[in-house]
Amino acid sequence: MRIGHRSLREGNVRTGFTAVLPHEGDLFREKLRAGCDVINGFGKSGGLVQVEELGVLETPIALTNTFAVGAVAQAQILQAVEANPQIGRQWSTVNPLVFECN
């Protein structure tokens with residue numbers, strides 16, 4: 001498992017993200033079993049319902065600020081499609097997993 005973090009401090013901007021990569025392989029092709037338990041449903045998330053429904057993890061787990069959840073999800077989709085051009089065509093779509101850290 002690898003964990004990475006990037007902070008951005010420019011002027012009044014204070015933001016960043018953390019990514020958890022559970023294994024070194026291609027998570028879309030080598031999915032992991034996953035589950036969830038929502039304790040405080042106030043935070044924003046992307047992909048959580050599909051993890052609950054299908055029980056698999058297809059991208060790194062990302063943590064970011066409220067306004068960046070969509071942008072980080074988009075980045076995960078682009079990365080997965082770049083690595084696997086069949087996604088959304090011959091293969092199913094990818095489910096990015098992004099959570100808010102406010």
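Which residue is the bridge partner of G46 in β7? Keep that in mind as you go through these views of a predicted model.

**View 1. The whole protein, end to end.** Here you have two helices and seven strands. Starting at the N terminus, the elements go β-β-β-β-α-β-β-α-β. The C-alpha trace spans about 45 × 30 × 25 Å along its principal axes. A compact globule with 102 residues would have a radius of gyration near 13 Å, so the 14 Å found for this protein agrees with that. Buried residues account for 30% of the 102.

**View 2. The open sheet.** Five strands line up in the order β1-β2-β6-β7-β4, and their pairing is mixed. At the edges sit β1 (2-10) and β4 (45-46), each pairing on one side only. In general, strands of a sheet pair through backbone hydrogen bonds, either parallel or antiparallel.

**View 3. Where β4 meets β7.** Zoom in on β4 and β7 (residues 97-100), which pair in the antiparallel sense over two bridges. Here's the reply to the opening question: the partner of G46 is V98.

**View 4. A helix across the strands.** Helix α2 (residues 69-83) lies across β4, β6 (61-64) and β7. Relative to β7, helix α2 runs at about 160°.

View 5. T18 is part of strand β2 (residues 13-21). Its side chain makes a polar contact with the side chain of H5, at 2.9 Å. Setting aside neighbours within four places in sequence, T18 is in contact with I3, G4, H5, I61, A62 and L63.

Notes. Residues numbered from 1 in each chain as written. Predicted model: local features only at pLDDT ≥ 70, side-chain atom pairs only at ≥ 80, totals over all residues. Heavy atoms only, no water. Pairing = 2+ DSSP bridges. Helix = DSSP H or I, 4+ residues; strand = E, 2+ residues; numbered from the N terminus. Contact = heavy atoms within 4.5 Å. Axes fitted to C-alpha atoms, helices over the stretch in contact; angles between N-to-C directions. Polar contact = N/O pair within 3.5 Å; in protein donor to acceptor, adjacent residues only side chain to side chain. Rg over C-alpha atoms; globule rule 2.2 N^0.38 Å. Buried < 20%, exposed > 50% of the residue type's maximum accessible area, 1.4 Å probe, protein only.
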